[in-house]
Amino acid sequence: MDISVVIPLLNESESLPELTAWIDKVMTSNNFSYEILFVDDGSTDNSWEVIQQLQQANGQIHGIRFQRNYGKSAALNVGFEAAQGDVVITMDADLQDSPDEIPELYRKITEERYDLVSGWKKVRYDSKLAKNIPSKFFNWTTRRMSKIQLHDFNCGLKAYRKEVVKNIEVYGEMHRYIPVIAKWEGFTKIGEQVVKHRKRKYGTTKFGLNRFINGYLDLFTIMFISKFGKQPMHFFGLIGSLSFLLGFIAFVAVCVLRLCNRIHLTNSVWFYVSMLFILMGTVLFLAGFLGELITRNSTYRNNYKIKERL
Ligand code: UDP
Ligand code: MG
């Protein structure tokens, strides 16, 4: 099979028939063999009934339905596990992403050998204040931290080589950082394609303002896990030791001053500062040590993904 289209959706029943017809038109006119995987992320409207009807009319459509709303990342993860096509395309269900982009995305993966091609909504039809400006800032930080040169990390329209989606795990709100996760798993040929973006035709946006806070916290988690996930001591042990050392030096200095009768121990702010640093250092060091013990006992500690064997 050439292409799997994975579509996470939450209450998008009005868009689904139009979207399906459009994808089918593009696939048929390009002679692609394909499947559409709708992942219903706990919709409370009649999205699932619509998917059932569409499936009856077209056997290339498949559906997975969550018991409740788990979030876009969870929906994508389940879609990735089920996808069978050589190239996996993800897109939003709300008709903001255009299926006309699929042939070019497919070509970039198969001919130009990209691992991942992300859409770039260069001209964007969302509210300026709530989406466009924050997303510029968000993309800038992610670019700086991950060293991946993409303009639009969170674009729902993306194409992947099959091995990529089978080797990455997306959870929480981490769908915003799939290129970062892919790079960390060793898929480094990441490209970008300017895509047409459209106004939301039906329904409303499913992401409120809390996405800014959660989004940033997830970025730190990802960067931290990729750097220190397997050796927490390298992080906590280092700053713990530094803090302990500083505290110890300050303590020695305070003791010397006391012995020369220059200060009273309990009157000197430096005495308390030195104690604080020694304590903080010990706690951080312990945190690192506990982290190491936990990773040592984790069943994932020697979980490496092997690309080939001879
Ligand atoms: N979505 C989902 N689960 C959620 C939230 C959103 O599957 O908990 C889907 C939603 O139905 C849509 C896509 O994710 O297909 C993108 O959501 P939306 O269009 O609301 O985001 P925006 O374009 O406003 O950033
Ligand atoms: Mg949308």
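## A walk through the sheet and beyond

Let's start inside: strand β2 (residues 34–40) has 7 of its 7 residues buried, so β2 is largely enclosed by the rest of the structure. A residue is called buried if 20 or more other C-beta atoms lie within 10 Å of its own, exposed if 12 or fewer, and partly exposed in between, with C-beta atoms placed from the backbone. Strands here are DSSP runs of E with at least two residues, while helices are runs of H or I with at least four, and both are numbered from the N terminus. Bear in mind that this is a predicted model, in which local features need pLDDT of at least 70, side-chain atom pairs count only at pLDDT 80 or more, and totals for chains, interfaces and linings use all residues. Residues are numbered from 1 along each chain as its sequence is written, and chains are lettered from A and ligands numbered from 1 in the order in which they are written.

Which way do the residues of β2 point? Y34, I36, F38 and D40 go one way, E35, L37 and V39 go the other, and all of them are buried.

Now look at the strands beside β2. Strands of a sheet pair through backbone hydrogen bonds, either parallel or antiparallel. For two strands to count as paired, DSSP has to find at least two bridges between them. β1 and β2 are parallel and share 7 bridges, and P8 has V39 in β2 as its bridge partner. To get from β1 to β2, the chain passes through helix α1 (residues 16–29), making a right-handed β-α-β crossover. Right-handed means that, with the strands pointing away from the viewer, the path from the first strand over the helix to the second runs clockwise.

β2 also runs parallel to β3, and 5 bridges join them. One of the pairings puts D40 with R65 in β3. Here, too, there is a right-handed β-α-β unit, made of β2, helix α2 (residues 47–57) and β3.

Time to step back to the whole sheet. It is open, has 7 strands in the order β3-β2-β1-β4-β6-β5-β7, and its pairing is mixed. At the edges sit β3 (61–65) and β7 (190–194), each of which pairs on one side only. On average, neighbouring strands are turned by 20° against each other, direction ignored; the axes behind such angles are lines fitted to C-alpha atoms. For an antiparallel pair, find β4 (residues 87–90) and β6 (residues 158–161), which are linked over 4 bridges. V87 stands opposite R161 in β6.

Next, the ligand. Around ligand 1 there are 17 residues, and the closest are P8, D41, A93, T205 and K206; a residue counts as near if its C-beta atom, placed from the backbone, lies within 6 Å. β1 (3–9) and α3 (72–82) are the elements that give two or more residues to this shell. So what kinds of residues make up the shell around ligand 1? They divide into 6 nonpolar, 5 polar and 6 charged, where Ala, Val, Leu, Ile, Met, Phe, Trp, Tyr, Cys and Pro count as nonpolar, Asp, Glu, Lys and Arg as charged, and the others, Gly among them, as polar.

Finally, the chain is assigned domain 1 (3–227) and domain 2 (233–296), with bounds from an automatic or database domain assignment. Their centres, taken over C-alpha atoms, are separated by 48 Å. N261, in the loop between α9 (233–259) and α10 (269–297), has a positive phi of about 60° although it is not a glycine. N261 is exposed, because it has 7 other C-beta atoms within 10 Å.

Methods
Axes fitted to C-alpha atoms, helices over the stretch in contact; angles between N-to-C directions.
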